[in-house]
Amino acid sequence: MIPEEGLAAADFRELTEALKYCVLLHDARTFDILWANRAACDLLGWTVDELKPLKAPDMSKNARQYSRELGHRWLGRAVEHGVSTTEWCYRAKSGEEILTEAIAIRVELTARTAVMVQFRDIAEEKAVQRDLFRTEHRLRAFLGGLAEGIVVLDDTDRVLFASESATRLLGGGLDGADFSTYCRDERVPEREGRYRFAAPGATPRWYAATCQHIEIESDLRGRMLLFYDITDRVRAEEQHRRDTQHLDHLARYNAMGDMAMAIAHEVSQPLAAAYNFVEGTRGRLGTDQESVLWGLDNAVRQIDRARRILASLRQYVGRLEQSEQLTDLNAIVRDCAYFVELRAREHAVTVEFDLTAEPLPVRCENVLIGQVVMNLAFNAVDETAGLPETERTVTVTTRRAEDGRAELAVRDRGHGPPPDERIFEGVFTAKENGSGIGLALSHRIITRHGGAIDVHANEPRGSVFRFTLPAVPTHQPPTEP
C-alpha cells in the first residue's frame, strides 16, 4: 500500500516525528514503553532508549492519583474498551512536573497489540481555567451583592438573562418571562427614567432604570436594563412635596387670617349701621305693609347672623379664648336650616332633616360648628344641583354614635367621594372658582373641638360627609344658642 500511495516508510517516520502532539507507545500486556515520538522526548527530556525501561513511578508525579496501579488501570480500560481519557501529571528528567491531557487508544499492530498514548501539556490551560473560574466566581459574587438588578431583553421583551440581584428584587421566574408583565406603567423601559416594577400580583415599587444595547459575540444580544429600588426616595420626595404644599397652604391660611381680621373689623361697622337703618325703616312702616315687614325681618336676621359670624371669626382667627358653651347639636342644625334651605331653593334641591328626638348635648362654639354644618350642606347642595330633578335630595342626619359621641352626617347623591385623600388639607376643590379652604377650615374647627371629620361613599351613589364631637354627660342641660 505504501508504494502505491507514493509514501515510503521513511516518510511516515518523518511525519510522525513532525507531530507536535506527544506520543508514547505501550505494550498492551505489560504496559512497557515501546516507543516515543520526538515531541514526547523533547517535553519529558528523555531519549527513547532512556524511556523504554522507565516505569510509572519513574516518570509520574509522586501523588496517589498518579500511582502505577491507577496508570495501569487507565491503560487497561483502553485495551478493553478501545479508548480511555484522563489527566496525567508526568515528571520530566529535570524533575519538572507537567500536567497533561492524555488519551490512550488500543492499536492492533501486525506483531502485537499496543496502546498509543497521546498527550499534551495543559498546565497553561489549567491556569487560565483557574483564572477564569476565579474571575467568574468573583463576578457572580459581585453581581449577587449588587443593589442593582440586571436583565437583558430581546426584541419581544423576553428576559434572556436575569442577575441574582434582579431575582432578589422582582422574585423568581424571570428567566424567559415577558418583562412587560412586570411593568406597572404599561411600558417597558427604553430609556433612562423612573418606573414601577413588580411580579404579577405583587405590590409595585419604584425603580430608577437605565437602558443600553449590548451584543456579546453571538452569545447574548439585546437591551440591557439596569435598575435599582428608589421607593423610599420617591416616598420621601412625595412627603416633601406634601409638606411644601402644606406650608404653602398655611401661608395662605395665615394671609387669609390677617385679611379676615381686617374684614371683620371693617365690615362690622357698616353692618351695625345697616341694622339700625333697617330697624328705623321698619318702625316707620304701618302694620298693613306685611310683605315689606317680612322682608325687613329677614334682612335683620341675615344681618344679625353676619354679625355673629364676624364676632366668632375674630375670636377664631385671633386665637382668643374659645367662647364655648353647652348646647344641643340639633338646635345648631335647626338654626342653620333656614340658610341651607335658601341655598337649596336656588337649585331646586330638596333638603331633608332627620334629627334625633332627644337632645345631643355638645360643648362648642355654636357659630363655628354652625358654619361647618352649612359648609357641608352647601357643598352637598352644589354637588346635587346638576342631577335630574328627581334625584336632587340632600339629607342631614344626627344621631348618638356607639361610643357616645354626637354625630352629624350630610348625604348627597352626587359623583361620590373626592379621589384626593387630602381633601381636608386645603388642597382640594371640585368647584371652578373654589379655593379648597372650606373643608380645611371645617376640619380645623372640628378637630379644635376634639372631634373628627371624614368622608365615605354613599349607597347607592354619592358621598357622606360626617363629623363627630365629644359626648357630654346627659345630666347637664344644654343651652339654646
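The structure is a predicted model, in which local features need pLDDT of at least 70 and side-chain atom pairs count only at pLDDT 80 or more, while totals for chains, interfaces and linings use all residues. Residues are numbered from 1 along each chain as its sequence is written, and side-chain values use heavy atoms, with hydrogens and water left out.

The chain contains 13 helices and 17 strands; helices (H or I, at least four residues) and strands (E, at least two) are DSSP runs numbered from the N terminus. Of the 481 residues, 37% are buried. Buried means under 20% relative accessible area and exposed means over 50%, with partly exposed in between (1.4 Å probe, protein chains only). The chain exposes about 27,900 Å², of which carbon and sulfur atoms supply 52%; accessible areas come from the Shrake-Rupley method with a 1.4 Å probe, and for residues only the protein chains shown count as cover. Of the contacts between residues at least 6 apart in sequence, 54% join residues at least 24 apart, a contact being heavy atoms within 4.5 Å.

Helix 6 comprises 14 residues, 68–81. The end C-alpha atoms of helix 6 are 20 Å apart, in agreement with the 20 Å that it should span at 1.5 Å a residue; the expected span is 1.5 Å times one less than the number of residues. Its buried residues are Gly-71, Trp-74, Leu-75 and Ala-78. Viewed down the helix axis, these buried residues fall within an arc of 90°, so they line one face of helix 6. The arc is that of the directions from the helix axis to the C-beta atoms. An α-helix has 3.6 residues a turn, so residues three or four places apart point the same way. The cover over the buried residues of helix 6 includes strand 1 (22–27), strand 3 (83–91), strand 4 (97–108) and strand 5 (113–121). Exposed Glu-80 and His-81 are carried on the face turned away from the buried side.

Ser-67 is in the loop between helix 5 (56–59) and helix 6. The side chains of Ser-67 and Arg-64 are joined by a polar contact of 3.1 Å. A polar contact is a pair of N or O atoms within 3.5 Å; within protein, one must be able to donate a hydrogen and the other to accept it, and residues adjacent in sequence count only if both atoms are side-chain atoms. Just after helix 6, Gly-82 has a positive phi of about 100°.

Helix 11 has 18 residues (329–346) and reaches 26 Å from its first C-alpha to its last, close to the expected 26 Å. At Ala-337 helix 11 bends by about 40°, the bend being the angle between axes fitted to the seven residues ending there and the seven starting there. Buried residues of helix 11 include Leu-329, Cys-336, Ala-337, Tyr-338 and Phe-339. At the start of helix 11, a side-chain oxygen of Asp-328 comes to within 3.0 Å of the backbone nitrogen of Asn-330. Ala-348 lies in the loop between helix 11 and strand 12 (350–354). Phi of Ala-348 is positive, near 55°, in a residue other than glycine, and Ala-348 is partly exposed at 38% relative accessibility.

A positive phi, about 70°, is also found at Asp-157, which is not a glycine. Asp-157 is in the loop between strand 6 (149–153) and strand 7 (159–162) and is buried, with a relative accessible area of 18%. In the loop between strand 16 (452–457) and strand 17 (463–469) lies Pro-460; the peptide bond from Glu-459 to Pro-460 is cis, with omega near 5°.

Phe-467, in strand 17, is buried with a relative accessible area of 0%. Beyond residues up to four places away in sequence, Phe-467 touches several residues, among them Leu-329, Ile-369, Val-372, Leu-408 and Ile-446. Phe-467 and Val-410 are 57 residues apart along the chain, and their C-alpha atoms are separated by 9.2 Å. Thr-384, in helix 12 (residues 366–384), is buried with a relative accessible area of 0%. Apart from neighbours within four places in sequence, the contacts of Thr-384 include Val-349, Glu-391, Thr-393 and Asp-412.
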